[in-house]
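Welcome! Take a moment to look at the sequence and turn the model around on your screen, and then we will walk through it together.

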Amino acid sequence: MVNERTNDNLDQQLSQLIVEACSFPSKSFERRQRLTQVVQLVQHSGKLWYENTPFYEEVLQKTWLHVCRNPEAYDSSRAGVITWINNYLRFRLKDKRRDLWQEQQHRVSTNINLEDDLIELLPASQPIPPILEETLQWIEQDSDGELRGAHLRGCPEINCQILLQRRFPPEVSWEAIAEEFNLKSTAGITALYHRKCLPILRQFGQQQGYLENDQKTGK
Amino acid sequence: MQNLKTSEGLVLPITQEMLQKAEQFAQQQTSTSKHKQVIHNILAVLTVYQYLVMMDVLADLDSSDSWNPLLRYATNVADLKVPGFGHLECRPIDLQTDQCSLPHDLPDNRFGLIGVQLHHLERRARLRGFTTHFEPGQTIAVEELQPFTQLLSYLSRYEVKPSLISLPQVLRGELSVGWQRVEALLGTQQWNLAMSFMGTSETAARRITVAKLLNLGIQLGPESVVLLISPAMEQGGELGIRVQVHPSRGERYLPQELALTLLAQSGKMLKKVLSGTTDNFIQLPYFKCDQDEDFGIEISLADVSITEFFTCQPELTINADFMG
């Protein structure tokens, strides 16, 4: 009995939040805040439909997106908010299941266990990716002297070439680098790094077209 | 109203697609520690990205540093570009210590930080908190973070102010972005009608009229109207201004209950006009503004409103201060 009452309270709260969200313009703080509260409350209620399938999370995310982009689609005369959300979720899960069956997937679903996979990918078994190799070569050659020319004031030996070489894998810690050059703190070299070295690196990446390549070779 | 502590944050799912992306980037690494770092950082970024998409906040992964393969080699990077605001740091929270560690070489262009708890085994991530106070190399405890919804407040508070349209520039024939010659937006008949109400024949020759198409639609579909502003130099050196709102080309009448408001620089309402059922257009009473007074023109329909800001200040030569 108590559960039913709290259920009603929750549904009432949610209904009120949806109505309020709809009354504010899209992209407004008030609307976003209320929609966030709806998602929080439903997620926290324990009443959200759950299935142990690999695509559950993807469909749940689509459901949240639907709730947040289309709160006007909620009709309080037909069902409570949680029922509305669960119905949408379950129908989309059914659709996804049917789509996958139709595709006749033979691929084993990606069930990445993060801890286990780390053991499989030890450095020794990996060939060095071409992007990394080319970049390390560019750093080493520094043919126009730009990397060596960007250095700590008064200390040309502490320059971007040296820093990039240290920080690229296998990386040396900032503390160790500071120690190597007898510096009292890491502040100067880290500032040089993100203000000068990274922009030069970024420009190199752009010239090489690495960003496009990355997207093209995406699995 | 809440029986939920907002400090508990928001739980969002970690999808297969997110895991695949994180794995794809992590496989480019050559050390176990960087591999793990990249997985966690990318999952944190994608969780925040998903939330922003839900909230209809524009976010751009491709412009994020964390999407740049060279920067993933060179730094411990976990950011998300939010156009109009800058880069948002999306830091994984260590589940053992309940803290985020910031790298020493954190760039100084991060406008805020969101802490994300990753429960990858349960395929869940929790947006835990937000802060604008952080330093490179710092370790931040979860308790030091504000509720993550503070990000929403930040976004609404620091939204880039729309630029002022300079009426002296308009008189010189310069058009700002979005503004056009009135003939481009109104049919001849509409324009002739508008002209007859513009002002005295004295100023007619000096009058320049520019127009902007405004979209006031929400759930009912696009509802466009044309805002006209027409300045002219008066005898006393002030600008005499006529503001009108017309239906878009092809439409005969304005939507009902459309409000046209003149706002002072302070935001105070000075004049307001409402459309009725069959208005071909509405206009504000002719007014004059001088150099010291900026003003706003607000057009609203139901709960959608658009405000344009104008200045009558003559040009100053501005020296753009570019930091090298």
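Let us begin with a single residue. A:Cys68 has a relative accessible area of 4%, and because anything under 20% counts as buried, A:Cys68 is a buried residue. Please keep in mind throughout that this is a predicted model.

How many disulfides does the structure hold over all chains? There are two. One of them joins A:Cys160 to A:Cys197, with 2.2 Å from S to S. If you look along the S-S bond, the angle about it is -80°, and this link is left-handed.

Now move over to chain B, where B:Cys289 and B:Cys312 form a disulfide with their sulfur atoms 1.7 Å apart. The angle about the S-S bond is -75° here, and the link of B:Cys289 and B:Cys312 is left-handed. B:Cys289 belongs to strand S16 of chain B (residues 287-289) and B:Cys312 to the segment after strand S18 (304-311) of chain B, so this pair ties together parts that are 23 residues apart in sequence. With a relative accessibility of 2%, B:Cys289 counts as buried. B:Cys312 is buried as well, at 6%.

You can find eight helices and 18 strands in chain B. Chain B has 324 residues, and 52% of them count as buried. Among the contacts in chain B with a separation of 6 or more, 58% are between residues 24 or more positions apart.

For a view inside chain B, pick out B:Thr47, which is found in helix H2 of chain B. Its relative accessible area is 0%, so B:Thr47 is buried. Which residues is B:Thr47 in contact with, leaving aside its neighbours within four places in sequence? They are B:Leu12, B:Met18, B:Val116, B:Leu118, B:Ala125 and B:Leu127.

Next, turn the model so that you can see where chain B touches chain A. The size of an interface is often given as the accessible area lost when the parts come together. In this model, the area buried between chain B and chain A is about 6,200 Å², and carbon and sulfur atoms give 58% of that area. The contact takes 73 residues from chain A and 64 residues from chain B.

What holds your eye in this interface may be the charged pairs. The rule finds seven salt bridges across the interface of chain B and chain A. In one salt bridge, the side chains of A:Lys27 and B:Asp56 meet at 3.6 Å, N to O. The count of residue pairs in polar contact between chain B and chain A is 14, with both residues at pLDDT 80 or more. On the side of chain B that touches chain A, the elements giving two or more residues are strand S1 (10-13), helix H1 (16-26), helix H2 (32-54), helix H3 (69-74) and helix H4 (150-157) of chain B. The largest share of that side, ten residues, comes from H2(B). By class, the side of chain B that touches chain A has 27 nonpolar, 24 polar and 13 charged residues.

Finally, let us visit a few spots in the backbone. Most residues other than glycine have a negative phi, and most peptide bonds are trans. A cis peptide bond, with omega about -5°, joins A:Pro169 and A:Pro170. You will find A:Pro170 in the loop between H8 and helix H9 (174-180) of chain A.

In chain B, look for B:Arg123 in the loop between strand S5 (110-119) and strand S6 (124-131). Phi of B:Arg123 is positive, near 55°, and at 10% relative accessibility B:Arg123 counts as buried. B:Glu257 is not a glycine, yet it has a positive phi of about 60°. This residue, B:Glu257, is in the loop between strand S12 (239-247) and strand S13 (259-264) of chain B. Is B:Glu257 buried or exposed? At 52% relative accessibility, B:Glu257 counts as exposed.

Key
Residues numbered from 1 in each chain as written. Chains lettered and ligands numbered in written order. Predicted model: local features only at pLDDT ≥ 70, side-chain atom pairs only at ≥ 80, totals over all residues. Heavy atoms only, no water. Contact = heavy atoms within 4.5 Å. Buried area = accessible area lost by both parts, 1.4 Å probe. Salt bridge = Lys/Arg side-chain N within 4 Å of Asp/Glu carboxyl O. Polar contact = N/O pair within 3.5 Å; in protein donor to acceptor, adjacent residues only side chain to side chain. Helix = DSSP H or I, 4+ residues; strand = E, 2+ residues; numbered from the N terminus. Nonpolar A, V, L, I, M, F, W, Y, C, P; charged D, E, K, R; others polar. Disulfide = S-S within 2.5 Å. Buried < 20%, exposed > 50% of the residue type's maximum accessible area, 1.4 Å probe, protein only.
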